Amino acid sequence: MKRRRALKDPRGEAALFQRRSLVGFTFIVLGLLALSGRFFYLQVMRHDEFVTRSENNRVKPKVIPPARGLIYDRNGVLLADNVPAFRLEAVPEQVPDMDAMLRQIGDVVPLDEDDIADFRKRLKQSRRFESVPLKMHLSEDDIARFAINRWRFPGVDVVPYLTRHYPYGELFAHVIGYVGRIDADDLKRLDPDRYQGTSHVGRSGIERSYEDLLHGTPGYELVEVNADGRTQRVLETHAPVPGKNLYLSIDVRIQKAAMAAFDGRAGSAVAIDPRNGQVLAMVSVPSFDPNLFVNGISSADYKALTTAPDKPLYNRALRGVYPPGSTVKPFLALGGLAYGIRRPEDTVLSTGEFCLPGASRCYRDDKRGGDGVVDMVTAIEKSTNTYFYKLALDLGIDRLSDWMGRFGFGRETGIDLDGEADGILPSRDWKMEHSRQPWYPGETIIAGIGQGYWAVTPLQLAHAVSILAGKGIPRAPRLVMATQNGVDAPKVPIPNPPTGPSLVSDPAHLDVIKRGMEAVVASGTGKKQFIGFPLVVAGKSGTAERFSRTTSAYDTNKNTAYLAARHRAWFEAFAPADDPRISVVALLEAGAWGAEAAGPIVRTVMESWLATQGDAPASAQPPAPAPTVPDTPEDLPVPADGGGAP
Amino acid sequence: MIGTVYARMRRFLRRIMTRPRIDLPLATGLFLLAMVGLVTLYSAGGGDLGLVGGQAARFVLGAALLLLISRIAPTVLRSWTPWLYAGSTALLVLVAILGEGRGAYRWLDLGFMRFQPSELLKLTMPMMVAWYLHPRQLPPSWKDMAVVGILIAIPAGLIAEQPDLGTALLVTGAGAFALFLAGVAWWRIGLLAGIAAAMVPIGWHFMHQYQRDRVLTLLNPEADPLGNGWHIIQSQIAVGSGGIFGKGWMHGTQSRLDFLPEHTTDFIFAVFSEEFGLVGVVALLALYAFIIGRCLWIAMEARDTYSRLLAGAIGMSFFVYVFVNGGMIAGMLPVVGVPLPFVSYGGTSAVSLLSGFGVLMSIHANRKMHD
């Protein structure tokens with residue numbers, strides 16, 4: 001460095017700099033000459049042409065918004081349609097006094113403050129000769145009154161447009177969602193060129209998550225206008241590209257049957273084809289009419305929806321989190337086999353109580369006196385808590401949560417909808433993060449029966465059951481199975497490849513679990529629900545406590561309403577057991593016993609699905625009526641020492 | 001203690017205010033340009049005096065800053081340089097953090113005004129490059145070039161990420177000019193230019209879709225008549241219909257009738273071309289050439305490397321503004337947000353440009369001093 005500094009030559013550097021400056025200036029002059037040359041070309045050579053164009057600058061582009069893509073069910077039943085409506089629009093350039101117009105027009109067509117605020121915001125965003133919507137969905141009355149007064153409002157006109165309509169109303173509100181008017185926030189987010197002339201955008205559900213495909217590309221026409229801005233003739237038309245049509249994998253018949261099976265009781269059901277992850281039905285009860293939202297919901301309607309005690313706007317399938325209860329037992333058993341800590345024939349003696357070795361803490365079976373000696377298949381069939389307490393303890397929380405995580409618990413399933421809840425999969429890390437507490441063995445034990453911190457969404461559980469039914473191959477659930485460029489175009493299927501290799505290393509393991517689940521339906525907790533069903537069903541019930549217990553006493557009150565208020569009822573199943581084509585999960589927010597309350601819903605869904613299948617054998621007889629008190633004890637966890645469960 | 005600081009500040013301020021160090025030719029050129037700018041803005045804004053008044057107020061603020069900076073000796077500026085560079089780059093990082101998850105975020109909200117840190121780099125970037133090259137032997141070695149490349153790439157990358165391609169271009173240009181003036185061998189420049197050309201497809205990959213669209217639109221404006229293509233078409237109609245002598249002040253129909261978008265900011269040159277014609281355009285470009293020439297003259301008269309490189313780089317980057325903006329409205333270059341200096345409406349640009357000219361004035365005043 002010193003040496004180089006010594007070599008520094010100020011005189012030489014000054015000379016070098018001067019040469020460089022002169023060269024630089026030469027370049028700059030050349031650049032400015034090139035620019036002048038371009039101006040010469042435009043202003044002299046092409047002057048005449050541009051003068052003509054400037055004088056004829058009465059040719060204006062007029063945007064043609066694209067038609068939104070339609071949404072169908074898997075058989076082509078229309079679920080979201082475009083229907084013609086009328087709206088009021090104003091062309092700013094042609095309105096002599098905007099404020100005066102806005103003051104006066106309210107007397108003719110009623111406007112609320114939101115209309116005017118939205119209009120002003122859009123006004124700023126658009127060019128002066130573009131028409132801006134002022135009020136959507138005019139009534140016949142509005143149109144008639146405006147027609148009489150039209151002469152008073154130059155530049156304002158009634159314009160036809162297409163608006164969204166959901167023919168099935170509340171049946172698909174939570175899946176398809178709805179579109180709403182573009183508001184100020186949307187304007188910041190959306191590409192202004194692509195959304196010119198468009199008044200609505202997807203707000204929730206499929207309408208939102210597939211907005212890009214549904215929207216399409218606007219076209220334009222070049223129109224010649226006179227000095228007043230009235231269109232004289234159309235010079236050129238470039239048609240818009242309509243949005244893509246979507247085909248959902250849902251079958252409207254199954255959806256309908258699933259919804260009806262709830263009979264208004266709050267809950268959710270999800271049915272998935274385990275072979276490809278396609279969602280066959282997805283309901284959240286109660287629901288709402290999405291058509292109310294399309295052109296702006298009235299504040300009375302909105303208040304009614306938001307204050308309703310059973311929260312109809314709440315998507316229980318996607319966002320509701322509930323303890324999974326005994327539905328996790330088959331997964332846990334499979335984990336025991338996979339880790340090699342259980343053989344199918346290993347037995348446990350269930351005496352009605354399970355105590356932590358070396359501790360006074362004890363946990364209870366729900367059957368007084370226990371189930372006796374049980375192996376894996378019997379433990380699943382009878383939902384024997386003791387078996388799974390011990391299995392969970394032997395697995396340990398780390399292996400347990402790692403294994404269950406592979407089935408998608410504790411995270412989003414990746415379904416093609418926005419806003420999915422991720423639930424909670426208990427683990428050491430999760431607990432440390434949330435309560436800064438170490439993990440206690442007792443918590444592992446109750447995790448073994450799906451209680452404690454564990455929380456799942458119905459969709460998550462359905463996803464997990466589908467993995468089990470689909471030979472352990474993980475696949476994200478999918479609602480949209482195909483797109484289409486136009487009504488007559490061929491459908492383009494959207495593939496849904498597995499997200500990884502099979503989770504089951506030995507198919508024999510899966511067979512044991514299936515045998516256990518078949519036994520549940522054949523002779524176990526779910527035996528009343530599938531009598532006469534033509535296919536072999538594998539299932540598992542779950543009854544999770546809504547509130548933790550405060551005493552160790554067995555519940556002697558067998559009143560269904562009393563129990564329902566305390567329990568969440570689950571049932572999960574797939575069929576046919578040897579080659580599953582459908583897996584179903586049903587949840588009732590208030591159900592006395594899993595199998596009795598949620599089982600019939602699963603059966604209804606499976607029957608409606610069977611009816612849609614070409615090879616459907618007729619269902620022999622309706623399901624047996626559910627008894628009010630189960631004669632097979634259910635799967636309820638209770639810490640025997642009183643109030644141990646968090 | 002406080003008393004002494006106060007007294008020193010007063011002395012400092014008095015020294016600045018009593019004997020301004022103004023280079024008359026440069027000041028005259030800038031004054032004429034500002035006048036042209038205000039006159040054009042009055043027409044482009046449809047006779048809105050408030051708009052013109054606001055712009056004039058910014059010129060006054062910029063001029064005050066120019067006078068202040070012209071009193072600071074280049075040696076002092078040089079000693080501050082690393083801190084100024086580090087500080088302005090740190091502000092860019094802050095902007096990047098605050099802007100997380102938003103579309104485009106370029107400003108820091110100071111409460112009373114919104115401040116755009118990338119503007120600072122237009123000045124601190126050439127300062128930093130000049131500072132680095134100043135003690136080293138010229139022409140710069142490969143190693144020095146690499147260091148300068150990194151010094152440029154960090155802030156330019158942060159600005160391009162905002163995304164603000166126009167400003168990133170200007171900042172990169174300012175640094176590169178200092179390097180060019182330092183005498184990098186021609187064959188090295190050729191080699192680097194070749195590599196840069198080869199990188200174009202990769203750069204294309206990293207561009208935002210809207211940026212790609214702008215380039216594609218330039219090639220075929222009719223393909224996008226509702227968006228950018230519309231800007232280019234209407235701008236060319238404005239320029240072309242101006243002819244040799246123009247339609248006359250306040251008589252440009254393109255902007256009057258709202259066909260021209262952003263006619264007070266990025267597209268104001270189109271209004272000027274329409275109203276004053278080719279004669280006006282050539283006169284305006286000549287005025288810019290004069291100012292740039294004077295800057296380079298001041299650079300050549302400067303006695304130390306730092307001053308020379310800095311003055312030359314400021315002068316040459318001024319050219320980039322004019323060329324990119326002019327090329328954009330004449331349909332030669334894609335639409336990037338670069339204003340026409342002193343003519344486009346907008347505060348930060350005028351103030352930061354005038355600060356740069358303050359540095360030049362200071363260099364001119366100290367041309368006899370030795371390193």
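Author: What follows covers the cavities and their linings. The model is predicted, so local features need pLDDT of at least 70 and side-chain atom pairs count only at pLDDT 80 or more, while totals for chains, interfaces and linings use all residues. Residues are numbered from 1 along each chain as its sequence is written, chains are lettered from A and ligands numbered from 1 in the order in which they are written, and side-chain values use heavy atoms, without hydrogens and water.

The whole structure holds 6 cavities of 30 Å³ or more (a cavity is a set of points on a 1 Å grid over the protein atoms alone where a 1.4 Å probe fits but cannot get out; points are joined across faces, edges and corners, and volume is the space filled by probe spheres set on them). The largest cavity has about 160 Å³. Its lining (residues with an atom within 4 Å of a point) numbers 13 residues, and nearest the centre are B:Lys122, B:Ile314, B:Ser317, B:Tyr321 and B:Leu353. Two or more lining residues come from each of α5 (117-133), α7 (165-181), α13 (305-329) and α14 (347-365) of chain B (helices are DSSP runs of H or I, at least four residues, numbered from the N terminus). This lining comprises 8 nonpolar, 3 polar and 2 charged residues (Ala, Val, Leu, Ile, Met, Phe, Trp, Tyr, Cys and Pro are nonpolar, Asp, Glu, Lys and Arg charged, the others polar).

Helix α20 (residues 458-469) of chain A contributes the most here, with 3 residues. By class, the lining of the second largest cavity has 5 nonpolar, 3 polar and 1 charged residues.

Conventions:
On a 1 Å grid over the protein atoms alone, a cavity is a set of points where a 1.4 Å probe fits but cannot get out, and a pocket is an open set with protein on both sides within 12 Å along at least five of seven lines; lining residues have an atom within 4 Å of a point.
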